[in-house]
Amino acid sequence: METSQRDEQFYRSMVRMRAVETELLALSSAGQLRGSLHLAQGQEALPAGAGAALRKDDYVTATYRGHGYVLAKGGPLLPIIAEILGKAAGLGGGKGGKMHLFDLEYGILGTNGIVGAAVGTAAGAAWAAQLQKTDRVALTVCGDGALNQGHVSECMNMAVLYQLPLIILCENNLYSEMTPLSRSHGDVNLAGRAAGFGLNTAQVDGIDAEAVYQVMSEAVNRARTGGGPTFIEAATYRTIGHYQADSGIGYRTAEEVEAWRAKSPLDRWAAKLGKRAPAIAAEEQAAVRAVFEEALALPGPDPLAAGTQVFA
């Protein structure tokens, strides 16, 4: 894919993610969406760049803020939105909701509400790919706070011992929910911690979609060719609160948030695309709006279906 085509793909992916979040926030504010809503404004370059480096059959697991990676994988928009809205036509029949998106056709093995839990699922998928002698790779996305989970350390150790085709993408947005990195980590060099286990490591500017794509492509190629696992520490920032009722101010200053908002990956790529950007943005926003209108009119799951699909 030529650079100009890739730039457009990145921008479309980022605009689509922002448009989906804008619709979700409006529904939540109007009381039409139940539960907590975890948005990722400011972090859109990560799924855009990472998703472009993967094949359809590669595995992905992510956090409860992982909808961007599901969208970037390229699956149909309606089942994704329907699941987030708890509709029967959703990926999981409306039973999983926004924190638990699963689509086996596109290698999505689940977003997860438990901190660090998705890492284990991806390690298992990577091991399965190795045993089955395929060249599929597994990408797992976690936050900086997940590195303090013992389970994640165990997975990193196992990935190195078995040289699994696993890529751990750590979204280092400087806060574990609302706790500054310096107050939750004895050493804030997260890639250095992973290197101690023997993983290949890389650090990348997480608001630069092209840089993310390049470092991800190297990790994917390494994993496909038997070179083992990679840990990528991506420096990024969430310019919205941890969830919809969190202003994001108090544990962060307004000046800090505004300084990062000025680095918006969407603005950067809009400037890069120039005159093409407004038309692309309008097209994506209209498509997302139409899907939401369709999804909102769909029925919810039958209560009698609650006991199905519980056991294999």
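In this predicted model, A45, L46, G49, A50 and A52 of α2 meet A209, V212, Y213 and M216 of α8, where contact means heavy atoms within 4.5 Å. By class, this contact has 8 nonpolar, 1 polar and no charged residues; Ala, Val, Leu, Ile, Met, Phe, Trp, Tyr, Cys and Pro count as nonpolar, Asp, Glu, Lys and Arg as charged, and the others, Gly among them, as polar. Helix α2 covers residues 45-52 and helix α8 residues 209-224, and the two pack at an angle of about 40 degrees with their axes 7 Å apart. That makes α2 oblique to α8, given that angles under 35 degrees count as roughly parallel, over 145 as roughly antiparallel, 65 to 115 as roughly perpendicular and the rest as oblique. The axes are lines fitted to C-alpha atoms, for helices over the stretch in contact, and the angles run from 0 to 180 degrees between N-to-C directions. The crossing of α2 and α8 is right-handed; a crossing is right-handed if the near helix is turned clockwise from the far one by less than a right angle, and left-handed if anticlockwise.

Residues are numbered from 1 along each chain as its sequence is written. Local features need pLDDT of at least 70 and side-chain atom pairs count only at pLDDT 80 or more, while totals for chains, interfaces and linings use all residues, and side-chain values use heavy atoms, with hydrogens and water left out.

Helix α4 (residues 77-84) and helix α11 (residues 276-296) pack at an angle of about 55 degrees, with their axes 9 Å apart. That makes α4 oblique to α11, and α4 passes α11 in a right-handed crossing. On the α4 side the contact involves L77, L78, I81 and A82, which meet A287, V288, V291, F292, E294 and A295 in α11; these residues divide into 9 nonpolar, no polar and 1 charged.

For α5 and helix α6 (residues 150-161), the packing angle is about 20 degrees and the axes lie 8 Å apart. That makes α5 roughly parallel to α6, and the crossing of α5 past α6 is left-handed.

What lines the largest pocket? β1 (59-63), α5 (117-131), β3 (138-143) and β5 (175-176) each supply at least two residues of its lining. The largest pocket has a volume of about 350 Å³, and of the 26 residues that line it, the closest to its centre are T63, Y64, V115, G143 and D144. The lining divides into 11 nonpolar, 10 polar and 5 charged residues.

The structure also holds 1 cavity of 30 Å³ or more, and about 60 Å³ of space lies in the largest cavity. On a 1 Å grid over the protein atoms alone, a cavity is a set of points where a 1.4 Å probe fits but cannot get out, and a pocket is an open set with protein on both sides within 12 Å along at least five of seven lines; lining residues have an atom within 4 Å of a point. Lining the largest cavity are L24, S36, L37, H38, Y64, H67, I84 and K98, which by class are 4 nonpolar, 3 polar and 1 charged.

Definitions and conventions:
Helix = DSSP H or I, 4+ residues; strand = E, 2+ residues; numbered from the N terminus. Points joined across faces, edges and corners; volume = space filled by probe spheres on them.
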